[in-house]
Amino acid sequence: MRLLSMEGDDASNKRLKKVSIVGFGGLGKTTLARAIYDKIKGDFDCRAFVPVGQNPDMKKVLRDILIDLGNPHSDLAMLDANQLIKKLQEFLENKRYLVIIDDIWDEKLWGGINFAFSNRNNLGSRLITTTRIVSVSNSCCSSADDSIYKMEPLSTDDSRRLFYKRIFPNDSGCPNEFEQVSKDILKKCGGVPLAIITIASALTSGQKMKPKHEWDILLQSLGSGLTEDNSLEEMRRILSFSYYNLPSHLKTCLLYLCIYPEDREINRDRLIWKWVAEGFVHHGNQGTSLFLLGLNYFNQLINRSMIQPIYDDIGQVHACRVHDMVLDLICNLSHEAKFVNVLDGTGNSMSSQSNVRRLSLQNKMEDHQAKPLTNIMSMSRVRSITIFPPAVSIMPALSRFEVLCVLDMSDCNLGESSSLQPNLKGVGHLIHLRYLGLSGTRISKLPAEIGTLQFLEVLDLGYNHELDELPSTLFKLRRLIYLNVSPYKVVRTLGVLQNMTSIEVLRGIFVSLNIIAQELGKLARLRELQIRFKDG
C-alpha cells in the first residue's frame, strides 16, 4: 500500500506514520487492514492487531495492545488508563512497531489511544486505524505525515468476479439463463463485498446452485439496493434474507453467538461444546459424535458467510468472529425472541422478566453496583449463563439457579486473592448442569461435590496452574464427554478413568504406565488423548 511505503531513508519515512481506513459497513475495511498486517508485520520489532467496537473500555483496549505487542504481564489488570499508557510508551521506546486499531467509533477514545503513541521514536513505526466515521478518521490523521484512505464500493467487474467465484465452481462461468438475474442482484448489492458474499452463499446449497426461481424470489426481496446513504437498513435486509434461509438448527446456533461481545474472538471448540450442552446439536446416526456434528454446523455457518473464520499459525480454523453487522442483526432477532438477555453496559438489553432463559453478563453497569443482579431479574428459570471478566462481581450465588445447564466463567478471576470471587460454593446444587467452563479462572481447588453433577458432559479446567489435584469424585461422572485439565494434573488413584465410559476428549492427564494399560483401553469412545506418563 503506497500510503505505508517504507522505501527510502529520508526523515519522513523514519517518523511515525498514521493511516486511517474509512468507509461504511461491509466494504471490507478489516479485511484490508488484516491483509496489510499479514504482509508487512515481519518488517517490525513488535506488532498488534486490536479490535475496538462500539462500546469499548479504554483500559481493556490498552491492555489488549500491550498483550498483543508481547508484554503479557499479570499486573496489567491492576493498572489504570494513565499507568497503562505509560507502560505502553515505555515498552515501545526504541522499538519499530506496527499497530492496527480496528473499528473505532469514538473520537474521545482515539484521543486516549493516540496519547500512548505520542512519543515518536523515529524508527519508521506505523499506526493504522479503521472506522466508519469520517470525523473519527480525520481525528486519527491530524498531521502532515498522516493519510486517510477512503474505501469505495467494488467496481462492476470486481463485484461480478467475487460473486461468480463464490457461486460457480472451477471457473465454469455463469450459465446464460442466470446472467440477467445475476446482474440485477449485483446492482442491488451496490459493490459491497459483505453483501455480495452473503447473497452468493444464500444462493448455493452445499456445492450446488439453487434453482433460478429462488434467485428471482431473492431479487424481489432485496428492496431498493445498497447505497452509502441507506447501507445499514438495506444491509440488514440482505443479512435477514440469509438468516431466514438457514435451516432451523443453524438459526439457533447463529443466534447463540449474541452472547459474545462485539469483535470477540470465539474459540471454535468451546463454542461447539456449548452448543452440545444447550441441546442445539441433534443426533444423526446412532453413535455419531455430537461434537463432530457440531463441527459440521460450524463449517456450514462459515460456508454461508455468517461467521468469519480465524486461522492459527498452521492454517487451521481454531476460532471465529461475527461481523458487527451480523451481530447487530442477531442481537435484534434474539431480543425479539427473548432468546438471550445481555448485560453489556449500555442498559439497552436488560429487562426485569421472570422468564429469562439465557444470560450473558458482559459488563458491570454503574446502576447495578449497589444492588445484586437477583434484584433485577429472577434466576429460577435461567438455563445458561456466560460471564465475561468485567461482570464477574455481579455474578449471583449458584444457589439461586434451579435449572442451570450451562455455566461458563472462563477467564474470570475466581482465585483466593480475588476480592470479586463468586466462588464455587454450592456447585453441587446444580444437578442439571451439562457444561462447566472454568478455564483460566485461577482456582486452586475443585470441590469434591463436583461428583454429584451426574449430567455433566463438558468440564473445562484448562490453564489453571494453581490447581494441583483433582478430586477422586470427578471420575464418577459417567456422562462426561470432554475433560480438559491442561497443563497436566496427576491422577493417582487406580481404577477411576475406566468409569468415564462416555469420554471422547481427555486432555492434560498425568498418569503412570500401569494405569494406561489397565484403564484407557476400556474407554471405547475416546478419540482425542493428551497425556503424559510417569514412572511407577
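Two strands are taken as paired if DSSP finds at least two bridges between them. By this criterion, in the predicted model, strand β12 (residues 358-361) and strand β13 (residues 384-387) are paired, being joined by four bridges and running parallel. Strand β12 also pairs with strand β11 (residues 341-343), in the parallel sense and over three bridges. Residue L361 takes part in both pairings: L361 is the bridge partner of L343, and L361 stands opposite I387 in β13. Along β12, the side chains of R358 and S360 point one way, whereas those of L359 and L361 point the other way. All of these residues are buried.

An open sheet of five strands was found with the order β2-β3-β4-β1-β5 and parallel pairing. Its edge strands are β2 and β5 (147-150), each of which pairs on one side only. From one strand to the next, the twist averages 15°. Helix α2 (residues 29-40) lies across β1 (17-22), β2, β3, β4 and β5, and runs at about 170° to β2. Helix α3 (residues 58-69) also packs on the sheet, where helix α3 touches β2 and β3. The direction of α3 makes about 150° with that of β2.

Within this sheet, strand β3 (residues 97-104) is largely enclosed by the rest of the structure, because eight of its eight residues are buried. Strand β3 pairs in the parallel sense with strand β2 (residues 46-53) over seven bridges, and with strand β4 (residues 126-131), likewise in the parallel sense, over five bridges. Residue L98 of β3 is the bridge partner of R47 and stands opposite R126 in β4.

Backbone geometry was examined next. Most residues other than glycine have a negative phi, and most peptide bonds are trans. Residue D103, which is found in strand β3, has a positive phi, near 70°. Buried residues have under 20% relative accessible area; D103, at 7% relative accessibility, therefore counts as buried. Residue D411 also has a positive phi, near 70°, but is placed in the loop between β14 (406-408) and β15 (435-437). Because its relative accessibility is 40%, D411 counts as partly exposed. A cis peptide bond, with omega near 0°, leads from S486 to P487. Residue P487 is found in strand β17 (residues 482-490).

Helix α8 (residues 176-189) has 14 residues. Its reach from first C-alpha to last is 21 Å, close to the 20 Å expected at 1.5 Å a residue. An α-helix has 3.6 residues a turn, so residues three or four places apart point the same way. In α8, the buried residues are F178, V181, S182, I185, L186 and C189. The elements that cover these buried residues include α7 (156-167), α9 (193-202), β7 (208-209) and α10 (212-221). Just after α8, G190 takes a positive phi of about 60°.

Technical notes
Residues numbered from 1 in each chain as written. Predicted model: local features only at pLDDT ≥ 70, side-chain atom pairs only at ≥ 80, totals over all residues. Heavy atoms only, no water. Buried < 20%, exposed > 50% of the residue type's maximum accessible area, 1.4 Å probe, protein only. Helix = DSSP H or I, 4+ residues; strand = E, 2+ residues; numbered from the N terminus. Expected span 1.5 Å × (residues − 1). Contact = heavy atoms within 4.5 Å. Axes fitted to C-alpha atoms, helices over the stretch in contact; angles between N-to-C directions.
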